[in-house]
Amino acid sequence: MTRTVQSRRKIYGQMLAHARRHPHRECCGILAGRDGVITQAFAAKNVAADPVRNYEIAPREIARLVGELRKRRLEFLGIYHSHPNWMEENEPSSTDIALAYFPDAAYFIVSPRPYASKPIRAFSIRDGQAIELEIRVLR
């Protein structure tokens with residue numbers, strides 16, 4: 001049985017727009033919502049030493065974003081990042097899998113390539129295994 005993650009349509013568009021603004025480097029952010037439906041995307045600054053190949057959200061920014069979630073009474077539901085347009089697939093790299101610290105989160109990987117067959121994919125990553133999730137886009 002395929003697990004499903006639900007997202008509002010506007011969030012899908014926001015993630016694509018963020019990735020396409022920086023197509024040659026990885027963008028990143030946090031996803032939140034209520035009742036298991038992603039309703040908010042919070043873009044974050046990629047502070048990785050090599051932002052062309054990796055993403056990292058600074059601990060202070062994570063703390064600030066978590067505070068924002070609490071203030072808005074939102075649940076942390078996932079993380080998104082892009083793979084630059086020179087990469088063929090938007091699937092978890094070995095680094096993505098090794099650094100997946102939130103086993104209950106959905107990990108979205110966005111392709112900035114306008115002709116990508118699946119521009120956004122989502123995965124559950126736990127115990128070193130990545131399983132693709134079905135994305136259900138809601139109004």
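Biologist: What should I know before we start?

Modeller: This is a predicted model, in which local features need pLDDT of at least 70 and side-chain atom pairs count only at pLDDT 80 or more, while totals for chains, interfaces and linings use all residues. Residues are numbered from 1 along each chain as its sequence is written, and side-chain values use heavy atoms, with hydrogens and water left out.

Biologist: How many salt bridges does a search of the whole structure find?

Modeller: The search finds eight salt bridges. A salt bridge is a side-chain nitrogen of Lys or Arg within 4 Å of a carboxyl oxygen of Asp or Glu. In general, side chains of opposite charge can pair when their charged atoms come close.

Biologist: Which side chain meets E61 in a salt bridge?

Modeller: That of R64, with 3.3 Å from N to O. E61 and R64 are separated by about one helical turn, because they are three residues apart in helix α2 (residues 59-72). Helices (H or I, at least four residues) and strands (E, at least two) are DSSP runs, numbered from the N terminus.

Biologist: Is E61 buried or exposed?

Modeller: E61 counts as buried, at 15% relative accessibility, whereas R64 is partly exposed at 47%. Buried means under 20% relative accessible area, exposed over 50%, and partly exposed in between, with a 1.4 Å probe and protein chains only.

Biologist: And what does R121 pair with?

Modeller: The side chain of R121 meets that of E89 in a salt bridge of 3.6 Å, N to O. R121 lies in strand β6 and E89 in the loop between β4 and α3, so the pair ties together parts that are 32 residues apart in sequence. R121 is buried, with a relative accessible area of 11%, and E89 is partly exposed at 45%.

Biologist: Which residues are linked with E89 and R121 in a network of salt bridges?

Modeller: The network links E89 and R121 with E91, K118 and E132.

Biologist: Where are D104 and R126, then?

Modeller: D104 is in the loop between α3 and β5 and R126 is in strand β6, 22 residues apart. Their side chains meet in a salt bridge of 3.0 Å, N to O. D104 is exposed, with a relative accessible area of 68%, while R126 is partly exposed at 37%.

Biologist: Changing topic: how many aromatic pairs are there in the whole structure?

Modeller: The search finds one aromatic pair. F76 and F102 form this pair, which is edge-to-face, with 5.2 Å centre to centre and 65° between the planes. Rings of Phe, Tyr and Trp (its six-membered ring) pair if their centres lie within 6.5 Å; planes under 30 degrees apart count as stacked, over 60 as edge-to-face and the rest as tilted.

Biologist: Which residues form a nonpolar patch with them on the surface?

Modeller: L99 and Y101 form the patch with F76 and F102, and together the four have about 400 Å² of accessible area. Patches are made of residues with over 30% relative accessible area and no salt bridge; like charges are joined within 9 Å, and nonpolar side chains (Val, Leu, Ile, Met, Phe, Trp, Tyr) within 5 Å. Accessible areas come from the Shrake-Rupley method with a 1.4 Å probe, and for residues only the protein chains shown count as cover. Y101 lies in the loop between α3 and β5 and counts as exposed, at 58% relative accessibility.

Biologist: Last one: what does the side chain of S124 contact?

Modeller: A polar contact of 3.2 Å joins the side chains of S124 and R3. A polar contact is a pair of N or O atoms within 3.5 Å; within protein, one must be able to donate a hydrogen and the other to accept it, and residues adjacent in sequence count only if both atoms are side-chain atoms. S124 is in strand β6 (residues 120-126) and is buried, with a relative accessible area of 5%.
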